[in-house]
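Look over the chain below before reading on.

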Amino acid sequence: NVLISQEDSILFSTLKPLDANKYILSKADSFQVIMLNEAHHNNFHRQFTLNLLKDLYRKGFRHIGFEALNQMDTLINERKYPTQSSGFYTKTPTFGNLIRTALEIGFTVFGYECSTKNNSKQREIEQAENIKKILDQNPNEKIIIHAGFDHIREDENFGSWEKAMAGRLKEFTGIDPLTIDQVQMAERSS
C-alpha cells in the first residue's frame, strides 16, 4: 500500500476526474510536441497512446517517435510493420500493434534512442538531439513522442541526468511540449 500524505489527500479532494482523451485533444492544437510515457511492463499505456492516434492525426500530428524503436530499422515506414529486430519492447503484441496502427493511419515513425553506450546524462542529451533532428527536418510538423518512464520530465536537477530528455529538448529547441505522465498515477494492484 502507498500512503498518501495529508497534503496530497487535501489536494486530491479538490480535483475532479476528466476524460483524459478529450482533455488531451482539447490541448493538442496549442502544442507542436506531445509526449506520453509508459511503464515498459504496462501494455495499458501503449493502448492509451494508440487510442489517441487517429484524433491526433486529424489535428495535424504526422510523426511519432518511439524510444523503443531501433534506428537501424530504416525500412519500417515503407514496410508498414515492425519486425522482431525493430526493437526490444516493440516485439510485444501491443507495441507492435501501436506501431502498425500509426503506420496505417499515415504517421511517419522514427526511433530516437541513444545509439552509443553513454552514461544516463548523455543518453538524455542524445535522445533530445535525435528528436531535434526530426524537428529541424520538419520545422512546421507536429510530432508525438512515446517514451519510457521519466524521460518526459521537464524539471531540472533530476539526479545524475540533471535534465531528462523532455527538459533537454525544450532547452535545445525552445519548444514546450505537452507531457502526459501515465506512470505516476497508474492503477496499482492493491
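The text below covers the elements, the size and the largest pocket.

This is a predicted model: local features need pLDDT of at least 70, side-chain atom pairs count only at pLDDT 80 or more, and totals for chains, interfaces and linings use all residues. Residues are numbered from 1 along each chain as its sequence is written, and side-chain values use heavy atoms, without hydrogens or water.

The chain has seven helices and five strands. These are DSSP runs, with helices as H or I of at least four residues and strands as E of at least two, numbered from the N terminus. From that end the order is α-α-β-α-β-α-α-β-α-β-α-β.

The C-alpha atoms fill a box of roughly 50 × 35 × 35 Å along the principal axes. Of the 190 residues, 45% count as buried, meaning under 20% relative accessible area with a 1.4 Å probe and protein chains only.

The largest pocket holds about 630 Å³ of space. A pocket is an open set of points on a 1 Å grid over the protein atoms alone, where a 1.4 Å probe fits, with protein on both sides within 12 Å along at least five of seven lines; lining residues have an atom within 4 Å of a point. The volume is the space filled by probe spheres set on the points.

Of its 18 lining residues, Leu18, Asp19, Ala20, Asp181 and Met185 are the closest to the centre.

| Element | Residues |
|---|---|
| Helix 2 | 20-28 |
| Helix 3 | 43-58 |
| Strand 5 | 178-180 |

Methods. Buried means under 20% relative accessible area, exposed over 50%, partly exposed in between (1.4 Å probe, protein chains only).
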